Amino acid sequence: GSRSSKTFKPKKNIPEGSHQYELLKHAEATLGSGNLRQAVMLPEGEDLNEWIAVNVDFFNQINMLYGTITEFCTESSCAVMSAGPRYEYHWADGTNIKKPIKCSAPKYIDYLMSWVQDQLDDETLFPSKIVPFPKNFMSVAKTILKRLFRVYAHIYHQHFDSVIQLQEEAHLNTSFKHFIFFVQEFNLIDRRELAPLQDLIEKLGSKDR
């Protein structure tokens with residue numbers, strides 16, 4: 001089942017009136033202020049796990065951004081999942097595919113998005129009711145964010161021309177900047193993993209100081 005058949009279904013809706021809904025509203029309101037460094041900070045008295053769970057909304061953003069360039073990201077144009085000549089990604093999810101496999105970018109991103117969706121739909125990991133988060137929540141959240149970063153890296157390295165043609169550059173940059181500030185604030189992705197976009201990350205950060 002390729003992703004086009006279940007075209008970008010967003011993460012399950014957070015019930016209105018719930019605490020998570022209030023948190024999401026807070027996140028959206030601070031985002032609107034234009035100060036992304038401030039927008040990613042943990043609101044006073046809030047639970048870090050819950051804040052991270054609400055902010056995994058990056059998944060929807062990346063899904064939509066990638067959706068606009070899928071026609072340029074094909075088996076032939078992107079036969080390997082890469083971020084420039086020095087970085088190549090192989091897919092494994094530890095359950096269905098235990099040993100990392102080399103695959104095309106569209107296939108890799110299809111695996112990745114389906115895997116993330118499965119994590120988000122898992123009530124034991126991302127509870128919609130107020131129950132304690134599981135002990136492994138943080139490590140799963142870090143893996144999700146690390147993998148989502150790879151989609152940004154692929155888009156920037158391989159498809160930036162298309163993004164410019166589509167006049168989506170500002171949208172992509174804002175989304176990525178928000179993502180990076182968030183993972184930096186809580187130290188969620190290892191620096192080595194960020195290497196493919198290190199120059200861009202420094203540039204985005206310096207503009208904001």
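Let me begin with a term. A helix here is a DSSP run of H or I with at least four residues, and helices are numbered from the N terminus. Keep that in mind. The model on the screen is a predicted one.

Now, where does Cys-73 sit? It lies in the loop between α4 and α5. Cys-73 is buried, because its relative accessibility is 4% and the cut-off for buried is under 20%. Look at what surrounds it. Setting aside neighbours within four places in sequence, Cys-73 is in contact with Tyr-66, Cys-78, Ala-105, Pro-106, His-154 and His-159.

Three of those names come back in a record. UniProt, in an unreviewed entry, places the feature "binding site" at Cys-73, Cys-78, His-154 and His-159. These positions span 87 residues in sequence, yet no two of their C-alpha atoms are more than 9.9 Å apart, so they gather at one spot. Such an annotation may be inferred rather than shown by experiment.

Take His-159 next. It is found in helix α6. At 3% relative accessibility, His-159 counts as buried. Leaving out residues up to four places away in sequence, it touches Ile-69, Phe-72, Cys-73, Cys-78 and His-154.

Then Cys-78. Buried or exposed? Buried, with 5% relative accessibility. How many does the model have? The count comes to zero. For Cys-78, the nearest cysteine sulfur belongs to Cys-73 and is 3.9 Å away. Cys-78 is in no disulfide, because a disulfide needs the two sulfur atoms within 2.5 Å. One more cysteine: Cys-103 is buried too, with a relative accessible area of 9%.

Back to α6. Its 29 residues, at 1.5 Å a residue, should span 42 Å. The end C-alpha atoms are 39 Å apart, which agrees. Still, follow the helix along. At His-159, α6 bends by about 85 degrees. That is the His-159 from the UniProt "binding site" feature. Just after α6, Gln-167 takes a positive phi of about 55 degrees.

Next, the nonpolar core. The largest one has 59 residues. Which of them touch the most other members? Leu-148, Phe-149, Phe-176 and Phe-179 do. Helices α3, α4, α5, α6, α7 and α8 each supply at least two residues of this core. The largest share is from α6, with 13 residues.

Zoom in on Phe-176. Not counting residues up to four places away in sequence, Phe-176 touches Phe-149, Tyr-152, Tyr-156, Leu-197, Leu-200, Ile-201 and Leu-204. Find Phe-149 in that list: it is also among the core residues with the most contacts to other members.

Gln-119 lies in helix α5. Is Gln-119 buried or exposed? Buried, because its relative accessible area is 14%, and the limit is under 20%. Beyond its neighbours up to four places away in sequence, Gln-119 touches Leu-125, Phe-126, Val-140 and Ile-144.

The other is Gln-61, in helix α4. What does Gln-61 contact, leaving aside neighbours within four places in sequence? Tyr-152, Ser-175 and His-178. Now compare chain and space. Gln-61 and His-171 are 110 residues apart along the chain. Their C-alpha atoms are separated by 9.8 Å.

To wrap up, go back to where we started.

Technical notes
Residues numbered from 1 in each chain as written. Predicted model: local features only at pLDDT ≥ 70, side-chain atom pairs only at ≥ 80, totals over all residues. Heavy atoms only, no water. Core = buried A, V, L, I, M, F, W, Y, C linked by side-chain atoms within 4.5 Å. Buried < 20%, exposed > 50% of the residue type's maximum accessible area, 1.4 Å probe, protein only. Contact = heavy atoms within 4.5 Å. Expected span 1.5 Å × (residues − 1). Bend = angle between axes of the 7 residues up to and from the residue.
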